[in-house]
Amino acid sequence: MYTLKCPICQHQVTYPSEEKAIYLPFCSKRCKLIDLGRWLNEEYRIIEELPHSDALMRQEKSPKDRERDHNTPTEGDNV
Ligand SMILES: [Zn+2]
């Protein structure tokens with residue numbers, strides 16, 4: 001016997017064996033899908049934030065890049 005508490009619905013479920021607990025650690029496919037949906041939602045949130053911070057970083061970076069380009073002698077000048 002294999003007993004577990006579903007983290008989604010908090011129901012305690014009992015499987016004949018651990019191998020039979022195909023929706024581990026959930027009680028059913030429904031709860032597994034709910035958990036998957038939560039993960040996807042979090043991923044979407046992360047993906048949404050990424051282009052935003054990337055644009056901010058590029059804005060901060062570009063003046064420094066221009067400065068570095070200015071201070072670096074162009075290749076070929078010393079030859
Ligand atoms: Zn459940």
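Strand 1 and strand 2 run antiparallel and are joined by four bridges; two strands are said to pair if DSSP finds at least two bridges between them. Helices (H or I, at least four residues) and strands (E, at least two) are DSSP runs, numbered from the N terminus. The model is a predicted one, in which local features need pLDDT of at least 70 and side-chain atom pairs count only at pLDDT 80 or more, while totals for chains, interfaces and linings use all residues. Residue numbers start from 1 along each chain as its sequence is written.

The chain contains one helix and two strands, and their order along the sequence is β-β-α. Within the strand pair, threonine 3 faces threonine 14 of strand 2, and leucine 4 stands opposite valine 13 of strand 2.

The hairpin formed by strand 1 and strand 2 has six residues between the strands. Although glutamine 10 is not a glycine, its phi is positive, at about 65 degrees. Most residues other than glycine have a negative phi, and most peptide bonds are trans. Is glutamine 10 buried or exposed? Glutamine 10 counts as exposed because it has 9 C-beta neighbours inside 10 Å.

The loop between strand 2 (12–15) and helix 1 (29–71) holds proline 25. A cis peptide bond, with omega about 0 degrees, joins leucine 24 to proline 25. Glutamate 19 also lies in the loop between strand 2 and helix 1. Glutamate 19 is exposed because 9 other C-beta atoms lie within 10 Å. From glutamate 19 to tyrosine 2 the C-alpha to C-alpha distance is 9.1 Å, and the two are 17 residues apart in sequence.

For the chain as a whole, 4% of its 79 residues count as buried. Two residues are in contact if their C-beta atoms, placed from the backbone, lie within 7 Å. Among contacts between residues at least 6 apart in sequence, 9% join residues at least 24 apart.

Note on methods:
Buried ≥ 20, exposed ≤ 12 C-beta atoms within 10 Å, placed from the backbone.
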